[in-house]
Amino acid sequence: MAAPPDCSLIATDLDGTLLRGDDTLSDRSLAALALAARAGARHLVVTGRPAPRVRPLLDDLGATGLAVCGQGAQVYDAGADRLLWSVTLDRELAETALGKIEAEVGELYAAVDQDGVDGLTLIEPGYLMPHPTLPAVRVERRDDLWVRPISKVLLRHPHLTDDELAATARSAVGSLATVTMSGPGTVELQPCGVTKATGLALAAEHLGLEPGRTVAFGDMPNDIPMFDWAAHGVAMANAHPELKAVADEVTTSNEDDGVAVVLERLFGGAGPYVPPHVLPRPRSGRVPR
């Protein structure tokens, strides 16, 4: 499906998509987003990062509007520095879910993102942050993870791959939580039914924007619900095979300004043209999942 010619909403993941590997935004990407803004399109960051970890990046973008954070569990108003909407993961359910997964795979290492605009990321002994640039507070024991309301749990296993851990976790937890895989070393538990699509739908409704005029960019399986919601899904060249399989188009990698390549094509920028790799897969009747 071709991207809508009257695109009014651009939804972008951050890690592996809009950001380069060093957590920076290229000048070309910033220029392409500015080009789209001049044409009247809105840009929404839709990320697994919690609101406190997104604030500095929004500052770099000069963004004062909304952002969807925490895998859809938070809709954050950057200008007011407050959450317009948030949902927490019940901490007793989270403990139960962890126990069910460990009964299948053995010991896990866990971390949590606390709810709120000043929530911390807490990590238990043995957990290694997949993004070493992100701040985290190490606690002495797992019970310390549950001292305040949380938006999600992050899991790591010493031997299983992310795909193996995610598949086992989904089977083990059932309806206790939603399981997502959002990046290397990042398997997560979040409130049941909460996805990037649910958060994006709430933010778009607040702004009066529609899925039929939305182009979404991503790189991991947690972006699949967002692609299902949007009119046009663009996977990065570095994307997980599961996301490429449902994408309308594959652009260049995040290191090669893949988001900018598409925005320049859509909004008439002066950057070098790269022919899109459009995937001929019919997509209709799509709803958030």
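**Note on the predicted model: helices, cores and a sheet**

1. Start with helix 6, residues 196–207. This helix has twelve residues. From its first C-alpha to its last it reaches 16 Å, close to the 16 Å expected at 1.5 Å a residue. Keep in mind that the model is predicted.

2. Which residues of helix 6 are buried? They are Lys196, Ala197, Gly199, Leu200, Ala203 and Ala204. Seen down the axis, these buried residues fall within an arc of 160 degrees, so they line one face of helix 6. The face turned away from the buried side carries Glu205 and His206, both exposed.

3. What covers the buried residues of helix 6? The cover includes strand 1 (9–12), strand 2 (42–46), strand 3, strand 4 (74–77) and helix 7 (224–229).

4. Look at both ends of helix 6. At the start, a side-chain oxygen of Thr195 comes to within 3.1 Å of the backbone nitrogen of Ala197. After the helix comes Gly208, with a positive phi near 75 degrees.

5. Is Lys196 buried or exposed? Its relative accessibility is 1%, and the cut-off for buried is under 20%, so Lys196 counts as buried. The side chains of Lys196 and Asp223 are joined by a polar contact of 2.7 Å.

6. What else does Lys196 touch? Leaving out residues up to four places away in sequence, its contacts include Asp13, Val46, Thr47, Gly48, Val68 and Gln71. Gly72, Asn222, Asp223 and Met226 are also on the list. Met220 gives a sense of distance: Lys196 and Met220 are 24 residues apart in sequence and 12 Å apart in space, C-alpha to C-alpha.

7. Now helix 4, residues 91–105. Its 15 residues should span 21 Å at 1.5 Å a residue, and the end C-alpha atoms are 21 Å apart, which agrees. Ala94, Ala97, Leu98, Ile101 and Val105 are buried in this helix. These residues cover an arc of only 100 degrees around the axis, which puts them on the same side of helix 4. Glu92 and Ala103, on the other side, are exposed.

8. What do the buried residues of helix 4 pack against? Their partners are strand 6 (109–114), strand 9 (150–156), helix 5 (162–173) and strand 11. The N-terminal end of helix 4 is capped by Asp90, with a side-chain oxygen 3.0 Å from the backbone nitrogen of Glu92. Just after the helix, Gly106 takes a positive phi of about 85 degrees.

9. Next, the nonpolar cores. In soluble globular proteins, nonpolar side chains tend to be buried together. Here the largest nonpolar core has 31 residues. Those with the most contacts inside this core are Ile10, Leu58, Tyr76, Phe217, Leu263 and Phe267. Two or more residues each come from helix 1 (14–18), helix 2 (27–38), helix 3 (51–61), strand 3 (66–69), strand 12 (214–218) and helix 9 (258–267). Helix 9 gives the most, with five residues. A second, separate core has 27 residues, including Val105, Leu145, Val179 and Met181.

10. Six strands form it, in the order 8-7-6-9-11-10, with mixed pairing. Strand 8 (137–138) and strand 10 are the edge strands, and each pairs on one side only. Strand 6 and strand 7 (residues 121–123) run antiparallel and are joined by three bridges. Val112 stands opposite Leu122 in strand 7.

11. Finish at strand 10, residues 178–183. Why is this edge strand described as largely enclosed? Six of its six residues are buried, so strand 10 is largely enclosed by the rest of the structure. Strand 10 pairs with strand 11 (residues 186–190) in the antiparallel sense, over five bridges. Gly183 stands opposite Thr186 in strand 11. The hairpin of these strands has two residues between them, and Gly185 takes a positive phi near 75 degrees.

Key: Residues are numbered from 1 along each chain as its sequence is written. This is a predicted model: local features need pLDDT of at least 70, side-chain atom pairs count only at pLDDT 80 or more; totals for chains, interfaces and linings use all residues. Side-chain values use heavy atoms; hydrogens and water are left out. A nonpolar core is a set of buried Ala, Val, Leu, Ile, Met, Phe, Trp, Tyr and Cys residues joined through side-chain atoms within 4.5 Å. Buried means under 20% relative accessible area, exposed over 50%, partly exposed in between (1.4 Å probe, protein chains only). Helices (H or I, at least four residues) and strands (E, at least two) are DSSP runs, numbered from the N terminus. The expected span of a helix is 1.5 Å times one less than its number of residues. The arc is that of the directions from the helix axis to the C-beta atoms. Contact means heavy atoms within 4.5 Å. A polar contact is a pair of N or O atoms within 3.5 Å; within protein, one must be able to donate a hydrogen and the other to accept it, and residues adjacent in sequence count only if both atoms are side-chain atoms. Two strands pair if DSSP finds at least two bridges between them.
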